[in-house]
Amino acid sequence: MTPALETSRLRKAFGEKVAVDDIDLSIPQGSFYGLVGQNGAGKTTTLSMAVGLLRPDGGSARIFGADVWSDPARAKSLVGVLPDGMAMPERLTGREVLTYLGLLRGLPREVVDQRAAELLSVLELDAAEKTLVIEYSTGMRKKIGLATALLHAPRLLVLDEPFEAVDPVSAATIKTILRGFVAGGGSVVLSSHVMALVEQLCDHVAVIDKGRVAAAGTLGEVRGGTTLEETFVGLVGAADGGSKELAWLSR
Amino acid sequence: MAVAVTMVRMKLAVLRHSMNGQRAGFVVMGGVTGLVLAGATIWLGLSGAEVLAATYAVWMLGWIFGPAFAGGGDETLRPEFFTLLGLPPRRLASGLLAGAFVGVAPAISLLALTGLTVHGARLGAGAALVSIPALLLQLAVFVLVSRVAVALLGLALRSRVGAIGAGLANGLILALLGQIWVVFVALGQSGGVPPVVGEVARHLPSGWGVVAVEAAGAGDWARTGAALAALAVLVALLLAAWAALLTRRAGAARTAPRGRVPIRAATASGAVLAKELRTWSRDLVRTHQLTFALAYGVFFAAAPLLIGIPDMLPLAGPIFVVMAAAMSANLYGTDGTALWLTLMTPGARDVRGRQHAWLLTVAPVAVVLTIVLTAVVDGHWPAMIALLVALLGGGAGLVPLASVYALIPGTDPHRRGGNPLRSTEEDGAVTGMVYAVLALAAVTAVPATVVAALYGWAGVAVGVVTGVLCYWGFGTLAERGLLARGPELLETMRTGRRPPLAQGEPRKWTRFENLPRRDRVIVGVCYSIGAIPLFPQGVVPAIFKVNGGGARSWFLALYLPEPWQWPTIVFMIALGVAIYATAVIIPFRRKAVAAKEPGGERATVPAA
């Protein structure tokens with residue numbers, strides 16, 4: 001079966017620093033795939049290149065077999081993306097953002113209206129009906145971003161840090177939505193540095209370290225007999241293993 | 001003091017780190033332009049106190065209005081950085097003020113203000129001595145008045161009424177400055193600066209330093225003291241005002257009043273149009289810019305009415321269109337990383353939607369204005385209609401084209417903090433773009449206007465043709481650029497700098513930003529000053545000499561004894577050519593050296 005997302009030898013350097021160093025990933029259809037790594041490991045750069053938001057120096061990315069760079073129209077219609085910290089059409093309300101994007105995606109007007117209403121209500125954004133996105137809190141921005149990713153009913157979701165700054169109640173809602181999406185045959189890739197979350201949600205996981213894949217496979221294969229956190233620290237942690245204390249903080 | 005010293009060091013550190021790549025190039029070019037202007041100010045000061053005071057008035061107006069249209073002023077150290085420190089407002093403001101003195105613009109202004117010392121030295125030792133405190137206080141006034149103006153405008157931009165009011169006021173002032181000759185004529189003096197202008201310039205705060213120095217030269221120490229004291233009091237008042245305004249700037253920029261009209265569009269292009277129209281009406285910074293453009297057009301065209309000349313009136317509409325195009329030229333830059341949505345929906349025609357929205361926002365007002373005013377003064381109908389049509393098409397084409405091909409990375413709207421004007425860190429580039437689009441938009445109307453002036457209504461047909469061609473052609477170019485370089489543009493906006501060259505990519509030494517820093521400085525200086533010996537000191541005096549007329553002005557050659565004049569002119573021309581040649585040769589020499597290195601032109605670009 002064609003993987004939902006496949007990258008081969010993706011590579012990106014910023015000046016001297018190699019951010020992504022020949023990353024091969026294969027996300028099977030129907031999987032809930034977690035990408036974990038330290039800050040600056042290359043997760044965001046990898047995901048940006050995989051969906052066509054950043055041009056790689058080398059390598060390729062395919063979404064359900066469609067090359068992101070040579071067949072962008074097909075590839076991008078199959079994927080919903082939540083990038084981290086990017087701007088939105090800031091002077092629109094949540095509903096207007098969804099209407100605008102739905103129409104951009106070529107959906108009929110009635111479908112857009114119905115889905116927008118449902119998404120706003122499920123994500124509890126309908127209370128802020130007249131608030132412009134620029135006035136949203138960080139958590140609300142994540143939620144409207146997720147709504148835009150889901151709106152055109154893609155077959156693959158690529159989510160960069162979807163739970164950051166989201167309150168526990170909304171997080172539970174989002175988890176339910178994502179689990180339902182996977183149960184219905186969709187595929188999800190998310191990046192996070194919260195190990196417990198990845199363990200709780202994902203069935204596949206890849207550990208990224210210094211721009212390379214340190215380990216990848218099903219959750220069971222990667223963590224073996226221990227927890228994901230222990231495996232992760234073992235793979236990418238400092239050689240001495242122990243974490244340092246700040247002596248001047250304790251009296 | 002500790003706060004001030006820390007902030008100065010912090011500012012220095014930030015400036016040092018941001019001096020790389022293209023930005024360093026802009027800073028160098030801006031700095032050299034500033035040096036030339038400062039030199040010109042000092043030289044102008046030699047001709048008298050009135051002129052010096054008037055010139056400083058222009059400098060002060062630059063400090064006040066520059067930030068409003070070029071990225072919101074210097075905000076290297078944002079007040080928000082220090083909110084958690086719990087500093088009292090006065091200490092925060094004095095610290096920020098100390099930091100504000102560090103930078104290219106204050107240094108240039110300080111140099112320009114040494115004109116006071118030059119002026120004082122000619123009046124006597126006492127006057128020269130007085131000029132030192134005078135110029136320091138004067139600089140403090142410039143820096144502070146700029147900060148207070150930005151803070152006030154920021155407050156005004158929290159409400160629609162404020163945004164419109166500020167736009168009207170700024171348009172009126174800048175239009176009258178642009179039409180200052182009308183004021184001169186109205187005051188009954190054609191040619192030369194009427195005495196009343198010198199008198200007014202002296203009374204403005206920018207002229208108080210001149211007053212102090214002059215009074216010291218005349219031995220009127222009471223007047224000297226009064227002028228210096230007035231400057232000091234003004235500095236204290238401005239500082240207090242700024243401190244008060246800083247406490248009010250917390251929180252994000254407010255947006256337009258409620259009352260939301262639902263989007264009724266049902267197609268992709270309709271959706272882009274609806275989104276853009278809403279942004280135009282809800283973003284109060286855009287409201288301010290449009291109001292400014294309109295006010296500028298109307299007041300500029302109406303100013304000659306003061307002296308009974310109505311003929312310029314119909315130009316209000318066309319001037320408004322050109323100014324509106326220049327104000328909205330960095331369209332994609334101001335939207336920031338929202339571009340990712342456009343990249344993820346490759347089929348949608350974003351550029352066309354933005355063009356339609358720009359036309360719908362600008363054209364109705366411009367058309368009504370032009371028709372009504374042309375009817376009122378019974379103007380030249382074919383020329384006015386031809387000009388308007390050509391400009392509308394030209395503007396609608398240039399706006400997306402300029403913002404795609406000369407994109408200036410901006411600060412994302414939701415990250416602008418308390419200063420809604422702070423759309424980008426690159427004030428110099430924004431200023432350059434405004435002037436470039438002003439000029440280019442005017443150029444798009446030249447064919448239609450020329451034909452209309454010569455053959456009447458045929459000009460309108462030409463205007464329609466060039467207008468449609470600009471709209472369609474430039475729009476298509478912008479669409480292609482967006483499609484081909486979309487990810488690069490997004491990266492530029494995300495990181496605030498142009499994407500660096502990847503390893504193995506050819507290292508184009510002929511590109512300015514790829515040169516080592518030392519070479520960039522030399523090349524920048526050469527390009528900026530080469531014109532001085534070549535044209536004003538070489539070619540122009542040569543023409544004067546051949547024609548046997550004209551003033552000696554500041555042409556060095558014409559002050560020398562006759563036998564030396566031609567050799568000096570030849571030397572100046574040769575010097576100018578040599579300076580330009582140096583600027584051209586340096587990158588090519590680098591290229592030759594690089595080709596011999598291992599890896600040659602394909603070697604890694606060294607970190608700047």
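Modeller: pLDDT is the predictor's confidence in each residue, on a scale from 0 to 100. This is a predicted model, where local features need pLDDT of at least 70, side-chain atom pairs count only at pLDDT 80 or more, and totals for chains, interfaces and linings use all residues. Residues are numbered from 1 along each chain as its sequence is written, with chains lettered from A and ligands numbered from 1 in the order in which they are written.

Colleague: What is the mean pLDDT of chain B?

Modeller: Chain B has a mean of 81, and 85% of its residues reach 70 or more. Residues 598-608 of chain B fall below 50. The model as a whole scores ipTM 0.91 and pTM 0.78.

Colleague: At what angle do H7 and H8 of chain B pack?

Modeller: Helices are DSSP runs of H or I with at least four residues, strands are E runs of at least two, and both are numbered from the N terminus. Axes are lines fitted to C-alpha atoms, for helices over the stretch in contact, and angles between N-to-C directions run from 0 to 180 degrees. Here H7(B) (125-156) and H8(B) (160-178) pack at about 135°, with axes 7 Å apart. The pair is therefore oblique: under 35 degrees is roughly parallel, over 145 roughly antiparallel, 65 to 115 roughly perpendicular, and the rest oblique.

Colleague: Which residues of H7(B) meet H8(B)?

Modeller: Contact requires C-beta atoms, placed from the backbone, within 7 Å. Leu153(B), Leu155(B) and Ala156(B) meet H8(B) residues Gly162(B), Ala163(B), Gly165(B) and Ala166(B).

Colleague: How many residues does each chain give to the contact?

Modeller: Chain A gives 35 and chain B gives 40. On the chain A side, H3(A) gives the most, with 6 residues.

Conventions: Two residues are in contact if their C-beta atoms, placed from the backbone, lie within 7 Å.
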